[in-house]
Amino acid sequence: MYVITVLEQMSSSPLSKKRRVSGSETKTGSHCSSSNSVRTQLSHTPANGMAKNGSEAEIDEGLYSRQLYVLGHEAMKRMQCSNVLISGLRGLGVEIAKNVILGGVKSVTLHDQAPAEWSDLSSQFYFREEDVGKNRAEVSQPRLAELNSYVPVVAYTGLLSQEYLNQFQVVVLTTSSLEEQQRIGDMCHGKGIKLIAADTRGLFGQLFCDFGEMLVFDTNGEQPLSAMVSMVTKDSAGVVTCLDEARHGFESGDFVTFTEVQGMTELNGAQPMEIKTLGPYTFSICDTSTFSDYVRGGIVSQVKMPKKITFKSLSDAMVEPEFVLTDFAKFERPAQLHMGFQALHTFQKKHSRLPKPWNQADAEELVSLANGVNSAQSGGARVEQLDEGLLKKLAYVSAGDLAPVNAFIGGLAAQEVMKACTGKFMPMMQWLYFDALECLPEGEAALPTEEECAPRNCRYDGQLAVFGSKLQELLGKQRYFLVGAGAIGCELLKNFAMMGLAGGNGEVIVTDMDTIEKSNLNRQFLFRPGDVTKMKSETAAAAVKQMNPSIRITSHQNRVGPDTERVYDDDFFESLHGVTNALDNVDARMYMDRRCVYYRKPLLESGTLGTKGNVQVVIPFLTESYSSSQDPPEKSIPICTLKNFPNAIEHTLQWARDEFEGLFKQPAENALQYLTDPKFMERTLRLPGAQPLEVLEAVYRSLVTDCPQRWEDCVAWARHHWQLQYSNNIRQLLHNFPPEQLTSSGAPFWSGPKRCPHALEFSTSNDLHMDYILSAANLYAQSYGLPGSTDRPALARLLQEIEVPTFTPRSGVKIHVSDQELQSANASVDDSRLEELKTLLPSNSEAMSQFKLCAIEFEKDDDTNFHMDFIVAASNLRAENYDIPPADRHKSKLIAGKIIPAIATTTAAVVGLVCLELLKIVQGHRQLESFKNGFMNLALPFFAFSEPIAAPSHKYYEIDWTLWDRFEVKGLQASGEEMTLKQFLDYFKNEHKLEITMLSQGVSMLYSFFMPAAKLKERLELPMTEIVTKVSKKKLGKHVRALVFELCCNDLTDEDVEVPYVRYTIR
């Protein structure tokens, strides 16, 4: 029997909303060297300073930054040594090629012997209408070569002989016949060349991998786990207990190493050992019965062990297939489609064509061919009963070529190429079949006819073959709002152009307020190096106009939010057919979700995090909305851990980020407000507790005591600050809590998560010390508008002359050990010092002329601005204080910059699924089971599809309602007068038998039953809009046609009931 692989453990949690988000392209000249091969000539150093790929190549971190956080440096280096052949340059081939070239392999060769046809244009985004009749590989080559100047791209139109294939590490076939696949498969298997065969047929997709024998270095791509040890027993299988701060997260079969164990020192530095988990805080290891007694401490860290995997050749795997399941609801389909695809090859060989779209006779012939293929099977591939309905649908749509299916299968196939090159992540074992039959019209009666799906020699022929002409017309009329033009936005626009969305009299409106940066080029494939600093939305719109000149697209540079509601107003939203989000933060997603619920528009939501991706579809009156479910809050680091007791590099990096804000941003901001805002002093004095004193002391330091006049002053300030943070404060901490201190229970104070620190001694010959002074002094100079310097020898000489006062720890200094203790400590405010500061601060007028203050905003991606230099030095010095292993610049940037790891493959695959849902929305599907929310992790590989959750139903009296329902109230009455609050309350009492107990609009409380009588009396007679402007202290804009009111109500029995919101129309 055939095998279906279902991943038992999904070692990566589904993508949380917090992290959902979401490019390398330089132009190279191309020369035709012969009719058989088009080669891109690459000089050793392209114009943008990039070096050629190869084993000796340095990785361009500026370009590959986000991808490096997915793959790591080692895998990237292995990828840069791999030559890849991609055969077949239709829509699927170009999608794979695009992703692989962006990824940064050594070279890509495009192979195709056939000319471009009309049916290719529905998904081959680098073909133009005038290219029909020209060789596919040669047309694609110059356009693909532009994507990444590190990757030479060659076109080849000859035969694929053994001799020719020997130069490649990976071969990808996308349009080959079954005989060709088997011939090349056997050659590759024999020579250790890794093979991928990919194919799409309308709404169906197929993927096969044979990587021979290979080592996988990292099966899941997750960060190795570590935990703190609290006990190890002496036993034939020693039991390790971890501190109960957090679960260890290990699984049986994992390998671990130990460091910093006191007592049982035999564990430190031992070879990685296999563990067996016993519980969330315990696991067993090797025989520890002869080891020394455990005393305390220790860190246990997971080690990724290489795993050897063996693949069957294509010929063998045909007979004994192993399937990766994409959809648990379609458990039987892979085996059926395994027969169906073979039958298609037989049909094609017999007739030199595919079955005609929606042709009954061809479909029946395919079923009989499939029966023949099945009965000839001797191995595990044979199925008991063929699903004739499924196979007929395969025949009906097999001539189709759909951009979204190619995007999905192409994203997966390109990720498999990367796995083959690098040994990073678990390869697909070995067959994957996919279908999206839910995209067909609901109900058999609505299915298209053969006539509607006949080819017309137009660019949408590949799509017409599946859905017919009616859907094509509908797509052309759609008006869609795309929010974001980053990685997901670029992929969406490419698919929109291919599908013909807004290709008639519709319109796509895309907005993004960001400009293009170099690190975008690795995924955001519509941009080129020459576009850096241009607006994303404008550049992306122009690029897809090239792909399909008939798409009507308008670009905006607006942020979506309350500030732009006069642009994206009622008229705007009411004219839309739907919204697609391509955002990188939860707040904007929640905002767009609220707008879509209010205007009752479908919303397509998606995001990626490294190899993980998700798709959610929101349909009015049918599904829940994006905001219906929320993630648990992210764990924050306790303040006392950051201030005094760090035990991980994440703690020192967060501390360094706080230092940056507290030294170079907040003081300048406060001082500028003091100088320019007359009400600053009044506002500050109203702050709670010790805050007024803290703020004014900081302003006083900024403007008086610490105010530098020249570069030398900035160096002196940086040197004294270094002394304070890395020596004096540590010595004070050790004075309060000496290394041998015991707690009240007699346990060592410095144990478990508390690491005992040591003070540092400054030295100009220590590079890290000098990095800190150089970056801190330059940032300090910038914040006062003074010139800086990068002259290290001169800096060292300056530092020799600075006198640093000797420090003696003081008694009576309170250091809080926990956040609870910190909160319960009441800070006493020294009123006399407050009064003194008021007189000491310079007057605004005299100071304004003297200071050029500038608050510095942290920017992680500019390597010349000293920001990351400061963060890395500040964090690693503190790590040295506490004996925490330091982090390099690359890792520091990820953590301190809160970077979302990203890779083109996941984005392409996710967007393919989004566009399949779009096809359903445009057709007006209304059954919940027609839609699919999706989650994937390409590293495992794991896929999960589920129908969306229905909108939860609520009830008051006998009326059912969901989040899509509301009360509609017309504020303007027949008389032309507006409703008063009293009339509004009476309306609900009379019309809906509801007594309103509280009424609010946004954050403004308009009415409550406990309101003081005088205030209530005054409000009852006022029109509703007047109360709103009075309470919110904001005028209503002319674009506002309706207000949203939230209600708390009681029913006739005085019970509290939950009711929908009110849409109160005023214009």
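This is a predicted model: local features need pLDDT of at least 70, side-chain atom pairs count only at pLDDT 80 or more; totals for chains, interfaces and linings use all residues.
Local features are given only at pLDDT of at least 70 and side-chain atom pairs only at pLDDT 80 or more, whereas totals for chains, interfaces and linings use all residues. Residues are numbered from 1 along each chain as its sequence is written, and side-chain values use heavy atoms, with hydrogens and water left out. Helices (H or I, at least four residues) and strands (E, at least two) are DSSP runs, numbered from the N terminus.

**Helix contacts**

- Axes are lines fitted to C-alpha atoms, for helices over the stretch in contact, and angles run from 0 to 180 degrees between N-to-C directions.
- Helix H28 (residues 867-881) and helix H29 (residues 889-896) have axes that come within 10 Å and cross at roughly 100°.
- H28 and H29 are therefore roughly perpendicular to each other; angles of 65 to 115 degrees count as roughly perpendicular, under 35 as roughly parallel, over 145 as roughly antiparallel and the rest as oblique.
- On the H28 side, the contact (heavy atoms within 4.5 Å) is made by Met-868, Asp-869, Ile-871 and Val-872, and on the H29 side by Arg-889, Ser-892, Lys-893 and Ala-896.
- This contact of H28 with H29 has four nonpolar, one polar and three charged residues, where Ala, Val, Leu, Ile, Met, Phe, Trp, Tyr, Cys and Pro count as nonpolar, Asp, Glu, Lys and Arg as charged, and the others, Gly among them, as polar.
- The axes of helix H19 (residues 649-676) and H23 come within 9 Å, with a crossing angle of roughly 40°.
- H19 is thus oblique to H23.
- H19 contributes Glu-659, Phe-660 and Phe-664 to the contact, and H23 contributes Tyr-772, Ala-776, Leu-779, Tyr-780 and Ser-783.
- By class, the contact of H19 with H23 comprises six nonpolar residues, one polar and one charged.

**Aromatic pairs and charges over rings**

- A pair of aromatic rings is described by the distance of the centres and the angle of the planes.
- The structure holds 52 aromatic pairs; rings of Phe, Tyr and Trp (its six-membered ring) pair if their centres lie within 6.5 Å, and planes under 30 degrees apart count as stacked, over 60 as edge-to-face and the rest as tilted.
- Tyr-598 and Tyr-1061 form a tilted pair, at 6.4 Å centre to centre and with 35° between the planes.
- Tyr-598 lies in helix H17 (residues 586-599) and Tyr-1061 in strand E36 (residues 1061-1065), so this pair ties together parts that are 463 residues apart in sequence.
- Tyr-598 is buried, with a relative accessible area of 11%, and Tyr-1061 is buried at 12%; buried means under 20% relative accessible area, exposed over 50% and partly exposed in between (1.4 Å probe, protein chains only).
- The charged end of Arg-966 sits over the ring of Tyr-598, 5.2 Å from its centre; the criterion is NZ of Lys or CZ of Arg within 6 Å of the ring centre and within 35 degrees of the ring normal.
- Ring pairs link a cluster that includes Trp-655, Phe-660, Phe-664, Tyr-772 and Tyr-780.
- Arg-878 lies over the face of Trp-655, at 4.4 Å from the ring centre.

**Backbone features in loops**

- The peptide bond from Leu-940 to Pro-941 is cis, with omega near -20°, and Pro-941 lies in the loop between strand E27 (933-937) and strand E28 (942-946).
- Lys-898 is not a glycine, yet its phi is positive, at about 50°.
- The loop between H29 and helix H30 (904-923) holds Lys-898, which is exposed at 61% relative accessibility.
- Tyr-957, likewise a residue other than glycine, has a positive phi near 50°.
- Tyr-957 is placed in the loop between strand E29 (954-956) and strand E30 (959-961) and is partly exposed at 32% relative accessibility.

- Gln-415, in helix H11 (residues 403-422), is buried with a relative accessible area of 1%.
- Not counting residues up to four places away in sequence, Gln-415 touches Phe-425, Thr-611, Ile-903, Thr-905 and Leu-938.
- Gln-741, in the loop between helix H22 (711-736) and helix H23 (767-783), is partly exposed with a relative accessible area of 27%.
- Ala-335, in helix H8 (residues 333-351), is buried at 1% relative accessibility.
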